[in-house]
Amino acid sequence: MTIEHVHPTDQAAAGTPETARTAEPTLPTEGDLRTLVGLVDYDTSRDPFPVIGWDALVWVVGNATQTAHFLESAYGMRREAYSGPETGNRDHKAFVLRSGDARFVIIGAVDPDSPLIAHHDRHGDGIVDVALEVPDVDRCVAWARAQGATVLVEPHDDTDEFGTVRSAALAAYGDTRHTLVDRSRYEGPYLPGFVARQSAFRASTHAEGSPIRAIDHVVGNVELGRMDEWVEFYRRVMGFTNMAEFVGDDIATEYSALMSKVVANGNHRVKFPLNEPAAGKKRSQIDEYLEFYRGPGVQHIALATDDILGCVDALRREGVEFLDTPDAYYDDPELRARIGQVRVPVEQLRRRGILVDRDEDGYLLQIFTRPLGDRPTVFFELIERHGSLGFGKGNFKALFQAIEREQQARGNL
Ligand SMILES: [Fe+2]
């Protein structure tokens, strides 16, 4: 531990070229994104609701100051912008963090009368806004309204010395929203009202940058019987299409169950798996989420990496806890036969608890963290894709078993 923390400092003192790379997170290229998240070519000219990709995931938490630090120290995210009392925003603090192409905005109330207090009181730490970048906010909102969507914020401009951002917001499941952002005429660090703000802090583990390159998918949990309604919402309102992977009765296990379908935007940059609980012998993990989040919301965020082994090692070193995977998972001859050859020996995966799934297009490696906050709600997935465009359907049962052991320990099974 000591050596690991001293070594990068020595490098910095020597001014080696490696330290130069620590200045800014590197944005993945379009080619990188094809491999990392399955980006595809797409002609938007006939799409009434074209989406470029993720703009930001906006979190409301109980202590933004500390959550921001946690994401910097444990996940190697970099602070880019800030809004708070010192910048004239007396209601809350907001920290903008980035790792590769993934941008998180972490918000916590300062004013004891802030409306954020009620949101946090109800939901705990969670995602309030899955913001999407679009080329034409007005066109998207006009289409969405015609399709019956609830427009929470009408299209409007925000301007400062860096230019103008046009945005609007649509209601999604529960208290979640989609802000639609056109930042093509804006050069500032995030949005008007924010100032560029780096942090002097550098997690030594992540001195050469975080291994997290992009957001791969964001999963929503909705109430029993409402999954198809939300799949239809994304199809009708936002022009998303179903991806092949879905989980139905065939995955409903004797332990607990969920139903899941996946929708994606035209270029597959934005993928939304949607879960609902299904009848199981015991209480499902989705039911637990819905109870503790007090309704539908974002269940997990999958972060794409091209080095999941290094990523898991680095995050563990900084105290991130992952779900355990039973040894039986790696010993199962049926599973071994199905996954075939992957880029590292299975023993390397077993040591870290990394799961493997394979389909006709290739394979993927994935692992899930424990819930980030105190409530058993939102968590992260790390995913390394090798051709597979799936979501780890083959691992659902193995994952259920691991999650349920933890539910049992919390007395919620
Ligand atoms: Fe996932």
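Reader: When I look at the contacts in the protein chain with a separation of 6 or more, what percentage of them join residues 24 or more positions apart?

Author: The model is a predicted one, and in it residues 24 or more positions apart account for 70% of those contacts in the protein chain. The chain holds 13 helices and 17 strands, and buried residues make up 48% of its 413 residues.

Reader: How should I read a sheet, and in what order do the strands of the open sheet of nine lie?

Author: The general idea is that strands of a sheet pair through backbone hydrogen bonds, either parallel or antiparallel. Here the open sheet of nine strands has the order β6-β7-β8-β5-β1-β4-β3-β2-β9, and its pairing is mixed. The edges are taken by β6 (151–160) and β9 (195–196), each of which has a single partner strand, so one side of each is left without a neighbour in the sheet. Helix α6 (residues 137–146) lies across β6, β7 (163–171) and β8 (177–182), and it runs at about 170° to β6.

Reader: Which strands pair with β3, and in which sense, parallel or antiparallel?

Author: Strand β2 (residues 78–83) and strand β3 (residues 92–99) run antiparallel and are joined by five bridges; in these two strands, R79 has L97 as its bridge partner, while Y82 has F95. With strand β4 (residues 102–109), β3 pairs in the antiparallel sense over eight bridges, and there K93 stands opposite G108. β3 and β4 form a hairpin with two residues between them, and G100 in the turn has a positive phi of about 55°.

Reader: Why can β3 be called largely enclosed by the rest of the structure?

Author: Seven of the eight residues of β3 are buried, and therefore the strand is largely enclosed by the rest of the structure.

Reader: What should I look for on a helix, and which residues of α3 are buried?

Author: An α-helix has 3.6 residues a turn, so residues three or four places apart point the same way. In helix α3 (residues 30–37) the buried residues are L33, L36 and V37. Seen down the axis of α3, these buried residues fall within an arc of 70°, so they line one face of the helix. They pack against β10 (212–221), β14 (297–305) and β17, and just after the helix G38 takes a positive phi of about 80°.

Reader: Which residues of helix α9 are buried, and what covers them?

Author: In α9 (residues 308–317) the buried residues are I308, C311, V312, A314 and L315. Seen down the axis of α9, they fall within an arc of 165°, so they too line one face of their helix. Among the elements that cover them are α4 (64–75), α12 (346–352) and β16 (362–368), as well as β10, β14 and β17. Just after α9, G319 takes a positive phi of about 95°.

Reader: Where is R385, and why does it count as buried?

Author: R385 is placed in strand β17 (residues 379–386), and it counts as buried because it has 23 C-beta neighbours inside 10 Å. Leaving aside residues up to four places away in sequence, R385 touches T35, L36, G38 and L364. The C-alpha atoms of R385 and D307 are separated by 10.0 Å, although these residues are 78 apart along the chain.

Reader: Which residues have the most contacts inside the largest nonpolar core?

Author: In soluble globular proteins, nonpolar side chains tend to be buried together. The largest nonpolar core here has 106 residues, and those with the most contacts inside it are W59, F104 and I106. Domain 1 (42–206) and domain 2 (212–410) both give residues to this core, so it lies between them. W59 touches several residues beyond its sequence neighbours, including F104, I106, D125 and V128.

Reader: What should I make of the phi of H268 and of R294?

Author: Most residues other than glycine have a negative phi, and most peptide bonds are trans. H268, which is not a glycine, has a positive phi of about 65°; it is found in the loop between β12 (257–264) and β13 (271–278), and with 21 C-beta neighbours inside 10 Å it counts as buried. R294, also not a glycine, has a positive phi of about 60°. R294 lies in the loop between α8 (285–292) and β14, and it is partly exposed, with 16 other C-beta atoms within 10 Å.

Notes: Residues numbered from 1 in each chain as written. Helix = DSSP H or I, 4+ residues; strand = E, 2+ residues; numbered from the N terminus. Buried ≥ 20, exposed ≤ 12 C-beta atoms within 10 Å, placed from the backbone. Contact = placed C-beta atoms within 7 Å. Pairing = 2+ DSSP bridges. Axes fitted to C-alpha atoms, helices over the stretch in contact; angles between N-to-C directions. Arc of directions from axis to C-beta. Core = buried A, V, L, I, M, F, W, Y, C linked by C-beta atoms within 7 Å. Domains from an automatic or database assignment.
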